Amino acid sequence: MTTTDRRLHIVVPYRDRAAHLRDFVPRVGAYFATLADPIDYRVTIVEQEAGLPFNRGAIKNVGFLLGEAESGYTCLHDIDYLPIDADYAWVDRPTPILSFGAEQRPVAPGRSDQTVTTDLESTMGGVLLMPNDVFRRIDGYSNAYWGWGYEDFDLSLRIRSRRIPTARRPGRFEPLDHDNEGFNPDASASPISRVNKRVFQANWAGGTIPEEDGLSSLSFDILDRRPCDGAPPDAAGRWEIVRVRLTMAPLPGQLAAFKAR
């Protein structure tokens, strides 16, 4: 196995989470600096420009493409989870490593006492290690889910429909609280969550991966690239923020739900 095959590319979808970014960069940088078995890694924070609803799946696809040629596996990493004790080492199959720290999260911190529970024994979200060749086989994430939700459920079915084996590693993370756009303050499903549920059901009505929905249909422009503040000095060159514009269009129902927030 070559050096590139073992190189890790961490992709972080991002927009309007400046406080989380300030916590994430130094904490993750410090975590990797103290590993007993060092990992050759780089991090790309992929920032979607303002305007259209946020599309986590498409933004993760962008990040994957930006680092595919220089890595062997990718970590799809949400910005609101900070590693406490987690193993980011090489994997040969899709492997979630978030098993403690996200069991119950507030729906609207400071405005509601409602919480949402996540089954960490089944989710493919949060922090996922993925061999690059496997990500290619499933055509990456769907680009169909704008606003909030269902891209992780969709990814799970993409993996299952290809009969690709998966694994799990126990990992403890510190969650960073934020409003959950999938729920109203009373914990009922938000309008965009209901729209994307219908998109998900339509996409999988035939039981197979929708054609040309993923890496194969991704369309974006790079607006600018800049170094990421806060990384350890000896690792600063490993961190980059890339701001992008998605040049695909959400469905009218997704756009209407986004504007009605």
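This briefing walks through a helix, some aromatic pairs and a strand with its partners. Keep in mind that the model is predicted. A search of the whole structure turns up 11 aromatic pairs, and a couple of them are picked out below. Helix α2 is mostly covered, and so is strand β8.

**Helix α2**

- Helix α2 takes in residues 56-67, and its 12 residues should span 16 Å at 1.5 Å a residue; the end C-alpha atoms sit 17 Å apart, which agrees.
- Of those 12 residues, 11 are buried.
- The buried set includes Arg56 and Lys60, along with Ile59, Val62, Phe64 and Leu66.
- Glycines are on that list too, namely Gly57, Gly63 and Gly67.

**Aromatic pairs**

- Across the whole structure there are 11 aromatic pairs.
- One of them is Phe64 with Phe135: the ring centres are 4.5 Å apart and the planes meet at 50°, so this pair counts as tilted.
- Phe64 belongs to helix α2 and Phe135 to helix α3 (residues 132-137), so the pair ties together parts that are 71 residues apart in sequence.
- Both Phe64 and Phe135 are buried.
- Tyr73 and Trp90 also pair up, with ring centres 5.3 Å apart and planes at 85°, so they are edge-to-face.
- Is Tyr73 buried or exposed? Tyr73 is buried, because its relative accessible area is 1% and the cut-off for buried is under 20%.
- Trp90, at a relative accessible area of 22%, is partly exposed.
- Elsewhere, Tyr31, Phe32, Tyr41 and Tyr88 come together as one aromatic cluster.

- Which residues of β8 are on each side? Val127, Leu129 and Pro131 are on one side, Leu128 and Met130 are on the other, and all are buried, leaving both faces covered.
- Strands β3 and β8 run antiparallel and are joined by 5 bridges.
- Tyr73, the residue in the edge-to-face pair with Trp90, has Pro131 as its bridge partner in β8.
- β5 also pairs with β8 in the antiparallel sense, over 2 bridges.
- On that side, Pro96 stands opposite Leu128 of β8.

How values were computed:
Residues are numbered from 1 along each chain as its sequence is written. This is a predicted model: local features need pLDDT of at least 70, side-chain atom pairs count only at pLDDT 80 or more; totals for chains, interfaces and linings use all residues. Side-chain values use heavy atoms; hydrogens and water are left out. Helices (H or I, at least four residues) and strands (E, at least two) are DSSP runs, numbered from the N terminus. The expected span of a helix is 1.5 Å times one less than its number of residues. Buried means under 20% relative accessible area, exposed over 50%, partly exposed in between (1.4 Å probe, protein chains only). Rings of Phe, Tyr and Trp (its six-membered ring) pair if their centres lie within 6.5 Å; planes under 30 degrees apart count as stacked, over 60 as edge-to-face and the rest as tilted. Two strands pair if DSSP finds at least two bridges between them.
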